[in-house]
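Have the viewer open while you read.

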There are 2 protein chains.
Amino acid sequence: MSHILTIITEQKKLSPKERVIAHYITNNAQRIAHMSIVELARETGVSAATITRFCRTFHFAGYPDFRMKLSSDLAQNHTAKSYQDIVEGNRLDKIVEAIESNHIRSISDTTRIIDFHQLSKAIHILLDANHIALFGMATSGIVAQDFFQKLVRIGKSCSAYSDSHMQITSAAVLSEQDVAVAISYSGETPETIDALNCAKERGCTTISLTKFSSSTLSRIADITLFTSSLEEGMRRGDMASRIAQLHMIDILFTGMVSERFSEYVPNLEQSYNMVKKYRKDKGR
Amino acid sequence: MSHILTIITEQKKLSPKERVIAHYITNNAQRIAHMSIVELARETGVSAATITRFCRTFHFAGYPDFRMKLSSDLAQNHTAKSYQDIVEGNRLDKIVEAIESNHIRSISDTTRIIDFHQLSKAIHILLDANHIALFGMATSGIVAQDFFQKLVRIGKSCSAYSDSHMQITSAAVLSEQDVAVAISYSGETPETIDALNCAKERGCTTISLTKFSSSTLSRIADITLFTSSLEEGMRRGDMASRIAQLHMIDILFTGMVSERFSEYVPNLEQSYNMVKKYRKDKGR
DNA sequence: ACAATTAAAGAAAACTATTTTCAAGTTAAA
DNA sequence: TTTAACTTGAAAATAGTTTTCTTTAATTGT
């Protein structure tokens with residue numbers, strides 16, 4: 001099924017009218033593309049206002065944004081393979097095929113739901129940050145480490161601790177000129193929530209990177225970024241979700257570098273060259 | 001090229017301003033999706049009215065209809081593009097498009113060059129290993145950490161140090177029943193080569209994960225695994241190469257789990273549940 | 001059980017986006 | 001040179017969307 005439809009179907013807590021809308025959309029997805037909000041309102045017997053709100057709860061900018069993303073999502077689904085779960089005793093070629101399509105799907109779904117406005121805001125806020133604190137546990141901690149390494153290479157002051165005490169500690173000393181980024185697929189990791197709350201309390205700008213659905217972290221954060229949300233049961237090993245998170249990190253980082261090209265590219269090259277040089281000095 | 005863009009490009013008889021619009025659209029197709037008719041009018045230096053007429057000329061109901069059809073057309077046509085480099089002042093949508101296609105390309109290229117015989121050997125040797133030592137510096141270190149976390153979850157004894165002294169230290173105590181995995185895109189990272197040489201000296205089986213070409217590491221290793229080799233100049237930030245490495249790690253890991261399903265899946269679930277449980281015990 | 005608070009939803013107002021109309025300028029043909 | 005057809009943009013008209021305001025329903029605490 002289409003990524004957006006999956007998200008809508010799996011959303012548990014919806015109000016009665018929202019459920020009516022969700023139901024209509026899942027059953028008439030193709031038709032939505034040709035419908036204005038008023039038509040959809042008439043068809044579902046719900047007010048246009050409620051439809052706008054419905055789109056907002058799913059993190060779309062509004063009805064037109066929702067309609068556009070849904071239709072390109074549906075178009076894409078004719079070509080892309082759907083997520084596949086890995087089961088017992090799969091033959092190796094089946095496994096490889098499944099992982100390949102899950103990863104590719106994860107990247108393209110994540111790309112489809114990007115809100116360019118939020119993305120652009122995130123990039124500029126990171127560029128202007130005095131210090132960037134990264135929070136993430138377990139797999140999301142790996143993603144945080146990855147971002148950390150990249151930021152270090154361009155000379156940005158930042159921190160990324162996998163130890164939850166150190167996360168809080170680093171959050172506790174942030175100021176208003178700093179930015180905190182919280183990474184968590186579910187958006188419900190307690191340690192990460194604590195750290196972000198702490199950072200917010202210190203007055204700094206907060207960014208979340210979670211799966212595409214409402215979550216505690218996305219509610220706290222000033223700027224919300226999302227990765228595609230996998231179908232239930234697809235989470236074994238967090239593989240696809242982590243690929244999607246790294247994909248977003250790459251987009252953020254590249255956006256930053258591209259914006260300050262002449263400042264950052266020399267930094268990047270410098271850091272590669274220095275690593276090489278100091279190795280040589282030790283006799284290689 | 002996309003169907004709609006082809007039609008627009010091939011249309012011969014267009015008025016001056018229509019030609020301006022056609023030209024802009026073919027060069028900024030992806031951006032149209034996020035633009036209102038007024039924005040497009042401003043960008044092209046043409047009135048909104050003319051754009052509406054332009055859409056009519058091509059038999060669309062109007063601008064919104066055109067925009068929608070173009071964007072789903074583009075979504076559909078999003079098949080494997082070639083690698084793209086990121087240059088100065090790229091528009092955000094170009095950046096996103098480039099990263100998406102680089103990552104997807106990286107995953108599918110890596111999949112295409114898999115040697116199933118080597119892969120299967122690697123999986124079985126890892127399964128039978130008494131201890132698994134992972135070596136990798138910088139970005140490859142992140143990949144090693146990722147594999148480490150996965151192996152810990154299924155209860156496999158393993159190590160992954162990012163400190164090069166510790167890598168050598170851990171290699172120095174390996175035995176014949178152990179396995180060493182060296183990760184390096186270039187296959188020429190001195191610290192990683194040292195660690196793998198040390199492991200080999202201790203008599204344990206060695207696996208390398210490098211780019212697809214001859215390298216020092218791949219010559220040392222007993223089993224060689226490869227990721228796709230990127231075009232020169234594509235390495236800024238190691239983004240696509242790291243995605244490809246993680247892709248291979250996921251294949252290895254899933255292969256292992258699938259082979260010993262009944263032993264490892266409960267371990268995986270146990271590790272998730274215990275994390276949750278011990279959080280709760282602390283009062284959440 | 002009842003008041004107080006919170007959440008849900010629609011009507012209408014405000015706002016935004018798109019299309020049409022109209023008038024002016026331009027080109028091509030008679 | 002005049003006329004007709006075409007192109008274009010400004011502004012009016014229309015259509016579409018979102019916000020605000022208000023009512024109603026549901027939930028919570030006393």
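## Where the two chains cross

Helix H7 (residues 92-112) of chain A and helix H7 (residues 92-112) of chain B have axes that come within 10 Å and cross at roughly 180 degrees. The axes are lines fitted to C-alpha atoms, for helices over the stretch in contact, with angles running from 0 to 180 degrees between N-to-C directions. That makes H7(A) roughly antiparallel to H7(B) (angles over 145 degrees get that label). Helices and strands here are DSSP runs numbered from the N terminus: H or I with at least four residues, E with at least two.

This is a predicted model, where local features need pLDDT of at least 70 and side-chain atom pairs count only at pLDDT 80 or more, while totals for chains, interfaces and linings use all residues. Residues are numbered from 1 along each chain as its sequence is written, and chains are lettered from A and ligands numbered from 1 in the order in which they are written.

Which residues of H7(A) meet H7(B)? They are A:Val96, A:Glu100, A:His103, A:Ile104, A:Ile107, A:Ser108 and A:Thr111, and they meet B:Val96, B:Glu100, B:His103, B:Ile104, B:Ile107, B:Ser108 and B:Thr111. Contact means C-beta atoms, placed from the backbone, within 7 Å.

## The whole interface

Zooming out, chain B puts 52 residues into the contact and chain A puts in 51. On the side of chain B that touches chain A, H7(B) gives the most, with eleven residues. That side has 23 nonpolar, 20 polar and nine charged residues.

## Helix H8 of chain A

H8(A) (residues 116-128) has 13 residues and reaches 18 Å from first C-alpha to last, close to the 18 Å expected at 1.5 Å a residue (1.5 Å times one less than the number of residues). A:Leu119, A:Ala122, A:Ile123 and A:Leu126 are buried, meaning 20 or more other C-beta atoms lie within 10 Å of their own; exposed means 12 or fewer. Down the axis, these buried residues fall within an arc of 100 degrees, so they line one face of H8(A). The arc is that of the directions from the helix axis to the C-beta atoms. Their cover includes H7 of chain B.

## Helix H10 of chain A

In H10(A) (residues 164-172), A:Gln167, A:Ser170 and A:Ala171 are buried. They span an arc of only 100 degrees around the axis, which puts them on the same side of H10(A). Exposed A:His165 and A:Ala172 sit on the face turned away.

How values were computed
Angles under 35 degrees count as roughly parallel, over 145 as roughly antiparallel, 65 to 115 as roughly perpendicular and the rest as oblique. Two residues are in contact if their C-beta atoms, placed from the backbone, lie within 7 Å. Ala, Val, Leu, Ile, Met, Phe, Trp, Tyr, Cys and Pro count as nonpolar, Asp, Glu, Lys and Arg as charged, and the others, Gly among them, as polar.
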